[in-house]
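Please look over the structure shown below.

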Amino acid sequence: MNLAMIWELAAQALQMLLVLALAPLVLGVTRKIKARLLRRIGPPTWQPYIDIWKLLHKEAVLAHNASWLYRVTPYLLFATTWVAAALVPTYAINLMFSWSADLIAIVALLATGRFALALAGMDVGTAFGGIGSSREMMIASLAEPAMLLVVFSVALIAGTTQLSTMASIFINGSVGLRVSLGLALFAFVFVAIAENARIPVDNPATHLELTMVHEAMVLEYSGRHLAMIEAAAALKLTLYFSLLACLFVPFGMATGDKNIDSVLIGLMTYLAKILVLAVLLPIGETSVAKMRVFRYPIFLGSAFAAAALAVFLLFVSRSL
Amino acid sequence: MPAFVGLWCVAALLGIAAAGVILGRWSWSWAPIYFASLVVSLAGLAAAFWHLWAGLPPETLSLPVGLPGVGSKFRLDALAAFFLLVANLGGAMASLYALGYGRHETSQLRVLPFYPAYLAGMNLVVLSDDAVSFLIAWEFMSLSSWALVVSNHRAPENIRAGYVYLLMASIGTLTLVLAFGVLAGVTGDYSFAAMRAQHPDAVAAGLVFLLVLAGAGSKAGLVPLHIWLPLAHPAAPSHVSALMSGVMTKIAIYGFIRIVFDLLGGPAWWWSLIVLGIGGATAVLGVLYALMQQDLKRLLAYSTVENIGIVFIGLGLGLAFRASNMAVPAALAITAALLHVFNHMLFKSLLFFGAGAVVTATGERNMENLGGLIHRLPRTAVAFLIGCAAVSALPPLNGFVSEWLTFQAILIGPELPQWGLRFIIPAVGAMLALSAALAAACFVKAYGIAFLGRPRSPAAEAARETDVFSLAAMFILAALCFAAGILPGAAIDFIAPVVQGLAGARLPVQIGQAWTSIVPIASSRSSYNGLVILSFLLASGVITALVVHRFATRATRRSDIWDCGYPDATPAAQYSGSSFAMPIRRVFGTTMFHVRETIDMPRPGETRAGHFHVKVTDPAWRWFYGPAARAVLRASAALNWLQFLTIRRYLTLVFATLVLLLMVVAAWR
Amino acid sequence: MHNINFDVAHLLAGSILALSFVLLYQHRITSMLNVFALQAIALSLSVAWQAYIQEAPHLLVTAGIALAVKGIVIPTALHRIVRRLGIHRQIEEVIGAGPTMLTGLGLVALSILLVLPAGQTVSLLAREDLAFALAVILLGLLTMITRHNAVTQIIGFMSLENGLVLAATGAKGMPLVVEISVAFSVLIAFSVFGIFVFRIRERFDTVDIGALDQFRGERRDQT
């Protein structure tokens with residue numbers, strides 16, 4: 001184990017811990033800005049950390065017929081989301097394990113987490129869990145194909161599905177401003193909104209059965225299990241922000257060898273990008289209303305059509 | 001040497017079938033028959049494995065049985081060895097499962113003789129090297145499985161299933177006979193070696209391709225020739241269903257690959273257009289049909305249709321790349337298709353075994369009457385969960401690896417020169433993505449309704465765990481699913497000789513890549529490492545759990561569910577299967593299936609029950625089979641007068657036909 | 001390899017195409033008008049960019065007309081009329097958003113299939129622009145076909161015309177584009193107003209404003 005390898009390992013570990021530490025902050029900033037836009041004062045920005053801390057120390061209340069699947073799922077969901085978030089380049093590319101999962105595998109890892117959560121929603125046998133799981137799988141059946149088509153379009157532009165290679169090609173600037181990238185961005189934003197259960201697809205702050213999707217699946221969870229699920233949701237939001245930054249505005253990431261200067265610049269630019277996105281999200285959320293459930297197919301269908309159009313244009317022409 | 005072993009296995013299985021006829025009268029006869037089948041299948045598996053592992057050259061054997069003066073030829077090359085491996089592994093697992101499941105069969109004589117015969121037929125199809133023995137083995141396979149489908153003859157829907165199956169199988173065999181006829185050409189030599197040497201012109205090759213697609217495709221389950229599959233597969237006993245879905249569909253794919261890739265020589269590019277279109281449509285329609293089902297086994301049968309579509313997408317891409325002489329991308333596409341063949345056999349057998357365990361334990365096939373089985377059948381639940389996760393293409397299991405490879409092949413699509421292909425491949429990619437997402441939804445429904453929640457009927461409450469043989473078969477398959485997902489490089493290298501023969505190239509050597517990753521084309525392009533991902537997942541999950549338990553709390557309390565203030569909600573208040581699928585049914589079903597939902601609610605004060613009725617129409621029946629059946633009936637009614645002619649008129653008909661044929665011969669000269 | 005001018009031109013053309021798709025699945029008349037206004041603004045930006053890279057300042061006039069007439073005047077006027085006639089709450093019965101969008105994708109495929117392989121003498125840039133424009137025209141026709149309401153059909157027609165202007169400005173040397181644009185816009189405006197005049201006439205048997213006042217009480221009950 002020479003010094004270079006230890007340095008690489010430290011860089012990868014730093015990214016894993018960075019996303020974990022940053023995720024509740026992103027959530028906190030989002031909630032604070034949203035409250036301010038609604039002319040409230042809102043909770044403090046570090047409230048999600050306090051919430052998770054509090055929940056971790058509470059007793060977990062389980063239904064009488066909850067099975068082992070119900071108890072394992074929070075940890076499985078947290079593990080898949082954390083591993084996926086740790087594999088998306090944030091401040092530097094070509095980290096030690098970045099080649100083990102490309103973009104398709106990251107999307108599929110998130111699908112694993114969602115599979116487990118949907119099953120856990122059905123485990124207790126209440127109507128709420130069923131509502132959440134069935135609506136979540138409907139949204140997934142529309143959002144995941146759109147996401148995969150977005151992956152295809154960026155992969156066709158960059159000639160690779162590896163995120164690090166993609167980011168380095170986009171940083172070079174040889175790609176230019178392309179129609180298919182614009183369409184892919186449009187589709188990605190819609191899919192990100194749907195997957196993270198934000199308005200206009202789902203309201204993260206509601207508990208009315210007519211309006212819940214994600215919250216309905218996790219309604220029965222409490223204590224440390226709920227803390228894990230909340231942390232996983234925050235990590236997922238951070239993952240999508242990192243993905244947007246890495247694919248569409250990757251400038252500033254440390255390419256090449258990772259000395260202190262480039263790492264610091266990478267960290268600063270990453271934090272700035274995440275904060276900008278965390279401010280833009282609530283601005284978008286407060287300007288539209290939540291959609292009816294059966295309007296989701298149109299919302300996600302237009303994302304699917306835009307991404308399909310992008311892939312199609314890339315198949316037929318090299319410069320589009 | 002392995003070919004010899006393979007033929008001896010076939011002979012042994014036929015002997016076991018004969019023994020089954022004799023012993024079938026006694027109720028204990030299932031044990032020796034299935035045990036013998038297990039041993040013979042393991043021998044066949046070892047022979048096929050040895051052939052591939054040692055990289056042996058193809059061997060041929062001629063037997064004097066068969067047509068007089070011609071005999072029959074058998075050959076074991078890499079392609080045959082791979083499919084023999086798939087067939088015998090499936091057969092061995094089904095026999096192991098049946099050692100436990102077989103005791104529940106009411107009349108052993110209806111099942112026992114035909115089961116080894118079925119295994120023998122499937123093995124013989126793969127080993128055949130001339131058209132006659134191929135067709136005989138194909139028909140033998142169909143007929144023995146038909147007998148197994150109608151073995152439970154008391155239920156009228158099983159008889160109907162058998163009838164439709166027999167009809168479609170006959171049509172399939174007819175198209176294959178015609179295809180072999182065209183392939184044999186003027187020489188009339190039906191051996192595969194002679195067919196390989198002949199190079200048919202474009203028209204003849206195209207005709208053979210279409211006929212084989214229809215014949216092998218109907219046995220595999222391509223839309224719209226799939227209608228027999230969801231009727232027949234659930235009707236058979238569960239170990240036979242696993243064989244039919246997991247193995248027989250693969251034998252059909254073997255037939256397609258053998259004729260189109262091997263015997264026909266170089267493909268034309270428009271063949272891939274048709275295969276891709278049909279494959280994509282099959283994938284999406286199969287999983288949408290599966291989502292509409294309440295019967296657990298029928299859901300699994302439709303999911304087979306979806307996976308066959310995925311395999312054909314890979315094969316279509318292989319044809320496209322081969323037609324444009326792009327050997328390495330063709331190798332990637334064919335590797336993806338063959339890996340999916342293997343993976344699907346593994347997890348579909350596992351799922352059918354689990355369904356069989358559920359049916360034996362509860363007596364119910366309808367998911368709406370199940371529930372809470374994770375508490376009653378804990379070990380089956382674990383194995384079935386692994387099967388569901390594998391079929392939904394979730395990392396780090398094996399279903400994801402073959403889908404990932406197919407996606408990588410699709411991403412090479414823009415390098416093809418033909419415009420038609422550049423249009424259809426992105427559409428097929430979108431359809432594949434859609435079917436993957438819908439498959440996850442389908443299996444959340446299947447597992448969630450059957451195993452999770454609260455029991456919806458007394459039968460589900462009283463279920464008991466199944467026996468040790470069934471569990472052993474299920475857990476071996478689950479372990480293989482994990483192994484194929486974590487060490488895909490080994491699998492890719494193992495089937496490299498097969499791919500080399502079909503595509504003319506092979507993928508780069510995978511064993512020896514850093515940390516057991518797979519790198520299909522180049523490491524700068526894409527790579528995947530299941531083992532690293534699994535280790536990361538386990539490490540982060542376990543460490544988090546330990547940290548939380550140690551530093552936070554591990555206190556737990558049991559309590560009632562959240563019931564909104566209305567206590568004692570019955571299990572009927574849970575989501576049922578059709579309610580789970582309702583959003584997807586509304587989104588996709590209204591256009592595809594003309595879904596009509598009618599609700600009949602009693603007015604306040606009425607005490608009668610409410611009704612909810614969902615009507616799903618299968619477009620294949622409406623647009624394809626309905627009109628075809630009506631046309632056939634009309635034609636036969638119109639031609640009925642031919643039954644009542646006088647002798648003189650019949651003689652006139654014979655005379656006229658003879659004169660006509662003689663005129664044709666004269667004109668041909 | 002990637003000329004920033006052409007990239008921006010493609011981006012703007014692509015956004016017009018994307019907005020045509022968005023126009024396809026709108027359910028309400030007011031949202032259709034808003035999307036159409038956005039499309040007209042995108043068109044004016046595209047024409048202005050073409051004026052810049054082709055160095056043809058007369059195209060700026062076309063851009064200005066598109067912005068003023070189709071981006072501002074016609075949508076605002078239609079908004080007011082729609083609100084006053086009380087049809088702003090009508091929901092369009094469309095033949096299912098899903099099949100409509102799939103047909104739209106198929107039409108884009110068709111237009112690309114027609115234009116892109118055609119002849120190497122025309123530059124790739126011009127072919128791609130033409131493919132986009134043809135797609136916008138076909139999608140405008142599709143919008144017209146899948147609507148029952150006269151106002152929305154006219155919006156479909158005007159978006160079709162946006163596609164025509166896009167095609168015309170993409171090819172160099174079209175001096176009459178300015179005049180043709182003005183003429184078309186005025187024609188559309190008059191036909192729109194004409195239809196409404198007739199509709200008012202048939203509903204109330206008069207277009208006399210004084211007589212309409214008497215019916216105001218009834219109209220409030222009806223809506």
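## A salt bridge within one helix

The side chains of B:Arg258 and B:Asp262 form a salt bridge, with 2.6 Å from N to O. A salt bridge here is a side-chain nitrogen of Lys or Arg within 4 Å of a carboxyl oxygen of Asp or Glu. Both residues belong to helix α10 (residues 238-263) of chain B, where they are four residues apart, about one turn of the helix. Helices (H or I, at least four residues) and strands (E, at least two) are DSSP runs, numbered from the N terminus. B:Arg258 counts as buried because its relative accessibility is 3%. Buried means under 20% relative accessible area, exposed means over 50%, and partly exposed lies in between (1.4 Å probe, protein chains only).

This is a predicted model, in which local features need pLDDT of at least 70 and side-chain atom pairs count only at pLDDT 80 or more, while totals for chains, interfaces and linings use all residues. Residues are numbered from 1 along each chain as its sequence is written, chains are lettered from A and ligands numbered from 1 in the order in which they are written, and side-chain values use heavy atoms, with hydrogens and water left out.

## Other salt bridges of chain B

Over all chains, the whole structure has 17 salt bridges. One of them joins the side chains of B:Asp493 and B:Arg506 at 3.2 Å, N to O. This pair links distant parts of the chain, 13 residues apart: B:Asp493 is in helix α20 (residues 488-494) of chain B, and B:Arg506 is in the loop between α21 (496-503) and α22 of chain B. B:Asp493 is buried at 15% relative accessibility, whereas B:Arg506 is partly exposed at 32%.

Another salt bridge joins the side chains of B:Glu606 and B:Arg608 at 2.7 Å, N to O. B:Glu606 is partly exposed at 37% relative accessibility, and B:Arg608 is partly exposed at 40%. Salt bridges that share partners also connect B:Arg75, B:Asp77, B:Arg196, B:Arg258 and B:Asp262 in one network.

## B:Asp77

B:Asp77 sits in the loop between β2 (72-76) and α3 (78-101) of chain B. It counts as buried because its relative accessible area is 9%. Leaving out residues up to four places away in sequence, B:Asp77 touches B:His51, B:Pro58 and B:Arg258; contact means heavy atoms within 4.5 Å. The side chain of B:Asp77 also reaches the backbone nitrogen of B:Ala80 at 3.1 Å.

The size of an interface is often given as the accessible area lost when the parts come together. Chain B and chain A bury about 6900 Å² between them, 73% of it on carbon and sulfur atoms. Buried area is the accessible area (1.4 Å probe) that two parts lose on being put together, summed over both. B:Leu411, B:Phe536 and B:Arg558 supply 9% of the area that chain B buries against chain A, more than any other three residues. The contact involves 82 residues of chain B and 76 residues of chain A.

One salt bridge is counted between the two chains. Its partners are the side chains of A:Glu59 and B:Arg557, at 2.9 Å from N to O. Strand β1 (residues 60-63) of chain A pairs with β3(B) in the parallel sense over four bridges, where two strands pair if DSSP finds at least two bridges between them. A:Leu62 stands opposite B:Arg558 in β3(B).

## Where chain C meets chain A

Chain C and chain A bury about 1800 Å² between them, 78% of it on carbon and sulfur atoms. The contact takes 21 residues from chain C and 20 residues from chain A. How many salt bridges cross the interface of chain C and chain A? The rule finds zero salt bridges there.

## C:Val165

C:Val165 lies in helix α6 (residues 150-170) of chain C. C:Val165 counts as buried because its relative accessibility is 10%. C:Val165 and C:Leu43 are 122 residues apart in sequence, and 8.3 Å apart in space, C-alpha to C-alpha.

Conventions: Polar contact = N/O pair within 3.5 Å; in protein donor to acceptor, adjacent residues only side chain to side chain.
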